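Subject: Structure for your review

Dear colleague,

Please find below the structure that I am handing over to you. I would be grateful if you kept it open while reading the notes that come after it.

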Amino acid sequence: MANLKELSKKEEKFTGGHRLCAGCGAGVIARQVLMAVDNPLVVTCATGCLEVSSTIFPYTAWKTSFFHSAFENSAATCSGVEAAYRSLKKRGKVNEDYRFVAFGGDGGTYDIGLQSLSGAMERRHRMLYICYNNEAYMNTGIQRSGATPKGAHTTTAPAGKVRQGKEQVRKDLTAILVAHDIPYAAQTTVGNWNDLITKVQKAVATDGPTFINILQPCRLGWGYKPEDTLAIGRLAVETCIWPVYEVVNGEYKITSKPKEKKPVTEWLKPQARFKHLFRPENKGLLEQIQAEVDAKWEKLLRLESKA
């Protein structure tokens, strides 16, 4: 488990003074991920909220080696750097024991970056890929992505007279990465710092490709008060809309089980993107969403019991 006292003594590798929105979870993720890594570190980052707000020339919030990638190829960039490092180390030109972390939002990971991510995992590069998952293309106008949940209002799947937000369920990207037979994959969320940092520490200590999918509430696209980001992240776990678990060499372990599973409506209500679901005519849709969350939670419990 992560040690808070030891973490508090560490030098900050992701600094303040960036231009992320007040209440943005991406900065929290970057700060905590970097705090979890003791080795010299190389970071690659896809174009998106995190990159454009933390590297406005001539300033940067990153006190590490940092590569800005295009929207779709953070994983490819990171795998190329990692391959070059292995070659240099083999020839004795590099002695330090580096770690490699790629960041991408859900649009650049679930959708247009999935091919390069899949390739990097299949080639078995020793790297950690972090998806900071705010469930839409927030940087370009709050368009729906493969990570957007059913019923959410976005600019390309709006709630109106004809449709009630996105009609499709979100893609289970973590399961897709587990299917690559990688040694470590996990889900966590902003607001559970110990769970997040502990999983990053496990991932970077693993000799092979690793992946962590981090739910990151977005106060702009989700529509809530900036000070509620961490609480909404924790509420996602308590309602099982976003279970936190890890898969180590194919074996599932749920790392936080709610003592009393809350109804999914408690997570939906604080967010403006779901307000239309609470109209009387959408009662059936709410019941459908709850049933789908329950079914996925039960499936995860079965997967864990097989371990």
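Predicted model: local features only at pLDDT ≥ 70, side-chain atom pairs only at ≥ 80, totals over all residues.

Eight strands make up an open sheet with mixed pairing, and their order is β2-β1-β3-β4-β6-β5-β7-β8. At its edges are β2 (65-69) and β8 (251-256), each of which pairs on one side only. On average, neighbouring strands of this sheet are turned by 20° against each other, direction ignored. Strand β1 (residues 41-46) pairs with β2 in the parallel sense, over five bridges. Within this part of the sheet, T44 has F67 in β2 as its bridge partner.

The helices. Helix α2 (residues 25-36) lies across β1, β3 (99-105), β4 (128-133) and β6 (210-215), and runs at about 170° to β3. Its 12 residues reach 17 Å from the first C-alpha to the last, close to the 16 Å expected at 1.5 Å a residue. Helix α2 is mostly covered, as 10 of its 12 residues are buried; among them are I29, V33 and L34. Helix α12 lies across β7 (244-248) and β8, and runs at about 120° to β8.

The cores. The largest nonpolar core contains 53 residues, and those with the most contacts inside it are M127, Y129, F211, W222 and W267. Helix α12 (residues 283-305) gives the most to this core, with six residues. A second, separate core has 34 residues, including L20, V33, W62 and I130. To return to W222, its contacts beyond the neighbours within four places in sequence include M138, L215, P217, I232 and W267.

A buried threonine. Where does T189 lie, and is T189 buried or exposed? T189 belongs to strand β5 (residues 184-189). Its relative accessible area is 0%, which is under the 20% limit, so T189 counts as buried. A polar atom of the T189 side chain lies 3.3 Å from the backbone oxygen of L215. Leaving aside neighbours within four places in sequence, T189 is in contact with L196, I214, L215, G233, V237, W242 and V244.

Yours sincerely,

A colleague

Definitions and conventions. Residues numbered from 1 in each chain as written. Heavy atoms only, no water. Core = buried A, V, L, I, M, F, W, Y, C linked by side-chain atoms within 4.5 Å. Buried < 20%, exposed > 50% of the residue type's maximum accessible area, 1.4 Å probe, protein only. Helix = DSSP H or I, 4+ residues; strand = E, 2+ residues; numbered from the N terminus. Contact = heavy atoms within 4.5 Å. Polar contact = N/O pair within 3.5 Å; in protein donor to acceptor, adjacent residues only side chain to side chain. Pairing = 2+ DSSP bridges. Axes fitted to C-alpha atoms, helices over the stretch in contact; angles between N-to-C directions. Expected span 1.5 Å × (residues − 1).
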